[in-house]
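Hi,

Here is the structure I promised to pass on.

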Amino acid sequence: GNCDMENQAELEEKTRLINQVLELQHTLEDLSARVDAVKEENLKLKSENQVLGQYIENLMSASSVFQTTDTKSKRK
């Protein structure tokens, strides 16, 4: 009888450990998935920033061109 009790306790302990390991594995999977998502998001933001930067540069160069033509035409 006593042997059965010990076996039962051992089994429960092993089951608990296995469950903990499985939980940790799930947590790790979740975390790495989240990291991947964040990396993708960062890449998207970077490219969007580059596009915005280009756009702003274009606007600035365009507006300076407009300004020079405006002032010239007004002076003449």
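Below is what turned up, starting with how the values were made.

This is a predicted model, where local features need pLDDT of at least 70 and side-chain atom pairs count only at pLDDT 80 or more, while totals for chains, interfaces and linings use all residues. Residues are numbered from 1 along each chain as its sequence is written, and side-chain values use heavy atoms, with hydrogens and water left out.

**Overall**

The protein has 1 helix and 0 strands; both are DSSP runs numbered from the N terminus (helices are H or I, at least four residues; strands are E, at least two). Helix α1 takes in residues 2-75. Buried residues make up 0% of the 76 residues, with buried meaning under 20% relative accessible area, exposed over 50%, and partly exposed in between (1.4 Å probe, protein chains only). The accessible surface comes to about 7,400 Å², and carbon and sulfur atoms hold 59% of it. Areas come from Shrake-Rupley with a 1.4 Å probe, and for residues only the protein chains shown count as cover.

**The annotated stretch**

An unreviewed UniProt entry puts a "coiled-coil region" at residues 14-48. UniProt positions are in the numbering used here, feature names are shortened, and annotations may be inferred rather than shown by experiment. In the model that span is 100% helix and 0% strand, with its end C-alpha atoms 51 Å apart.

**The salt bridge**

There is 1 salt bridge in the structure (a side-chain nitrogen of Lys or Arg within 4 Å of a carboxyl oxygen of Asp or Glu). R16 and E13 make it, at 2.9 Å from N to O. Both sit in helix α1, 3 residues apart, about one turn of the helix. R16 counts as partly exposed because its relative accessible area is 47%, and E13 is partly exposed too, at 37%.

**Surface patches**

Patches take residues with over 30% relative accessible area and no salt bridge, joining like charges within 9 Å and nonpolar side chains (Val, Leu, Ile, Met, Phe, Trp, Tyr) within 5 Å. Lys and Arg count as positive and Asp and Glu as negative, with His and the chain ends not counted; the charge is placed at NZ of Lys, CZ of Arg, CG of Asp or CD of Glu.

- Negative: D36, E40, E41 and E48. E41 lies in helix α1 and is partly exposed, at 42% relative accessible area.
- Nonpolar: L52, Y55, I56, L59 and M60, with about 530 Å² of accessible area together. I56 is in helix α1 and, at 45% relative accessibility, is partly exposed.

Cheers
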